[in-house]
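Look at the sequence and the model first, then read on.

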Amino acid sequence: MKYKKSNYRPYPGFYDLRIFTLNSREFAAAWRVQEFLYHAAKREDYYKCYEPMQCEGIKETAAELQMILLPKLKAGKELK
């Protein structure tokens, strides 16, 4: 899969990465992390029950992504 802005479609429940000021490398990296988090969220019950340490790691990854993205919000854009 090519991680180009023109191919990007936001995942349900996640920020639209196009509202952040990201260069192409940052955009692709954030997209890959979002994709991982989206698929992990689908298996959240499994992680909570059988792999609680992995679940905590996934939560930390989501928090780190958010801390990277929020300062890069484009002027005049709102989070939805």
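The lining of the largest pocket divides into 11 nonpolar, three polar and three charged residues. The model is a predicted one. In total, 17 residues line this pocket, and F14, L37, A41, I58 and A62 lie nearest its centre. Its volume is about 350 Å³.

Rolling a probe the size of a water molecule over the atoms shows where empty space is left.

Helices α1, α2 and α3 each supply at least two residues of the lining of the largest pocket. The most comes from α3, which gives seven residues to this lining.

Helix α3 runs over residues 52–69, so it has 18 residues, and it reaches 26 Å from its first C-alpha to its last, close to the 26 Å expected at 1.5 Å a residue. Which residues of α3 are buried? They are C55, I58, L65 and L69. These residues are on the same side of α3 because they cover an arc of only 80° around the axis. On the other side of α3, M53 and M67 are exposed.

| Residues of α3 | State |
|---|---|
| C55, I58, L65, L69 | buried, under 20% relative accessible area |
| M53, M67 | exposed, over 50% relative accessible area |

The buried residues of α3 pack against two other helices, α1 (24–42) and α2 (44–50).

Definitions and conventions. Residues are numbered from 1 along each chain as its sequence is written. This is a predicted model: local features need pLDDT of at least 70, side-chain atom pairs count only at pLDDT 80 or more; totals for chains, interfaces and linings use all residues. Side-chain values use heavy atoms; hydrogens and water are left out. Helices (H or I, at least four residues) and strands (E, at least two) are DSSP runs, numbered from the N terminus. Buried means under 20% relative accessible area, exposed over 50%, partly exposed in between (1.4 Å probe, protein chains only). The arc is that of the directions from the helix axis to the C-beta atoms. Contact means heavy atoms within 4.5 Å. On a 1 Å grid over the protein atoms alone, a cavity is a set of points where a 1.4 Å probe fits but cannot get out, and a pocket is an open set with protein on both sides within 12 Å along at least five of seven lines; lining residues have an atom within 4 Å of a point. Grid points are joined across faces, edges and corners, and a volume is the space filled by probe spheres set on the points. Ala, Val, Leu, Ile, Met, Phe, Trp, Tyr, Cys and Pro count as nonpolar, Asp, Glu, Lys and Arg as charged, and the others, Gly among them, as polar.
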